[in-house]
Structures are given as structure tokens and as C-alpha cells.
Amino acid sequence: MTYIHGAMQNLFDTDGETEALAPGAVLQRGRALAVAAPLVATLERIAAEAPFRRMTTPGGFEMSVAMTNCGTVGWVTDRAGYRYDPCDPVRGLPWPPMPDVFATLAHDAAREAGFADFEPDACLINCYTPGTRLSLHQDKDERDFAQPVVSVSLGLPAVFQFGGNKRSDRPRRVALHHGDVVVWGGPARLAFHGVLALKDGEHPLAGRRRFNLTLRKAL
Ligand code: MD3
Ligand code: FE
């Protein structure tokens, strides 16, 4: 452990369930398992209202991952650029509200990783089907990089890759499984990261899909 956010870090480092992936990146294996069924049911309800859609990058490419959002603002991309928008452009309506089960999990996981008082106002929900991938990128559309991002993996497993703060830093690979939570803060907050093409499989709660929640404080 080379980067210490607070007293909790040391405590959770020794419990065998928490692993420092990199300075500032804390993997909490199985942290969301106790609420996985309500998380999946809730995200399905959100997607029934604000459907998953494949967005277009500013360069004109259709993303492989299908996305939707909940919260005060949602992350969107189109020919005009990347941004957080209070309005779902597909429906011309606000995004569904942030459910308590999302906000509470993110708040508690962030606290355990050393980030007090994390109150997410945006949750990007990614849906992967077999073959779906997410190329290396940074998350930098949020206002305050002192705020962490909390990611929650649900459904089929994926190989996640993350590097340093430069695209040229060679990425490391780590498998993320159903129920895993990662808190990305401090020096890891602007790390390049992505997801390799999803392998086919069947998951009891998610079928042939992987979901990823990323909870953010965008504003
Ligand atoms: C590192 N999602 O939505 S989660 C994304 O599995 C995104 O769907 C991936 O990258 C997914 O932007 C990866 C892990 C993750 C999420 C956010 C990060 C890693 C991060 C923000 C900063 C640094
Ligand atoms: Fe990302």
C-alpha cells in the first residue's frame, strides 16, 4: 500500500476483501453482493423509463456500450461533444432520480476507501452484451477531480484494463466480477481505463449481459 487516504484504508487493507489496484484505486471484492438483486431490479426499472441507447462520439462513431443514466444530470455524447445534461435527449425529459440503494452503496464504499461525504449526483449505467467493449479513456467531464468515482460491476464478468495518466502508459488487466466495487480517487482519478470485449455467458440475475454503474459527483 503506497497511498493512504485515511484510517479506514489500513483497516480494510488487512481484511482480505480490499485490494489497492493502484495508488488511489481501491477494489472491494463482492462489496455489492448483499444488494445485487435490488441493484439489478432498480437499474432495469430505470432502463424501462430511460432506455439503454448507443450514443455517438464527437468523432461520429457509435459506441459499442449501451448507456442510460439516473440522477440530477446524466453523461451524454453526440456530435456536439461529451457533457453532463439534466435532460435525457432521447425522451426530452429529466433522467430518473438517483435511487437510495445506489447512493447509499456508493457513499459507504467511498467512505471505506477514505473518501468522506461522497454524495453522487449522477450515475451512468452501462450495458454490455457479448462482444461489447469500451476503449481506453479518461473520465474528465466532472467538475471536481478531488471527488472519486465509484464503479459497481453486475452480471457477467469482464476484463478491465487501467493504465496511468497518459494513454501511452501500458495498462494492467484485472477481472471484475458480479458484486465488485472499485473506488477511483486521488492519483487514480484520471487514469486511462477501458473494458475488453465481453465474453459470452449466462448470469442468473443479468442473463447474457454485464452492467456497470459509475457513481459520480459531476456538478
Ligand atoms: C478509473 N466504465 O463508465 S468501470 C465509464 O466497466 C467506465 O463500464 C467501465 O469506464 C465499465 O466511464 C469501467 C471502472 C472505472 C470507472 C470510472 C473510472 C474506472 C475509472 C474513473 C476514473 C478512473
Ligand atoms: Fe470511464
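This is a predicted model: local features need pLDDT of at least 70, side-chain atom pairs count only at pLDDT 80 or more; totals for chains, interfaces and linings use all residues.
An iron ion (ligand 2) is held by His137, Asp139 and His193, and the structure has zero disulfides.

**Iron site**
- Along the chain, the donors are spaced as H-x1-D-x53-H.
- On accessibility, His137 is partly exposed at 22% relative accessible area, whereas Asp139 is buried at 10%.

**Helix H3**
- H3 covers residues 100-112, which makes 13 residues.
- From first C-alpha to last, H3 reaches 18 Å, close to the 18 Å expected at 1.5 Å a residue.
- The buried residues in H3 are Phe102, Leu105, Ala106, Ala109, Ala110 and Glu112.
- Looking down the axis of H3, these buried residues sit within an arc of 160°, so they line one face of the helix.
- After H3 comes Gly114, with a positive phi near 105°.

**Cysteines**
- For Cys87, the closest cysteine sulfur belongs to Cys70 and is 15 Å away, too far for a bond given the 2.5 Å cut-off.
- Cys127 has its closest cysteine sulfur in Cys123, at 13 Å, which is also too far for a bond.
- Cys87 is partly exposed, with a relative accessible area of 29%, but Cys127 is buried at 9%.

Notes
Residues are numbered from 1 along each chain as its sequence is written. Chains are lettered from A and ligands numbered from 1 in the order in which they are written. Side-chain values use heavy atoms; hydrogens and water are left out. Donors are N, O and S atoms within 2.8 Å of the metal (3.2 Å for Na, K and Ca); water is not among the atoms, so sites may look incomplete. Buried means under 20% relative accessible area, exposed over 50%, partly exposed in between (1.4 Å probe, protein chains only). Helices (H or I, at least four residues) and strands (E, at least two) are DSSP runs, numbered from the N terminus. The expected span of a helix is 1.5 Å times one less than its number of residues. The arc is that of the directions from the helix axis to the C-beta atoms.
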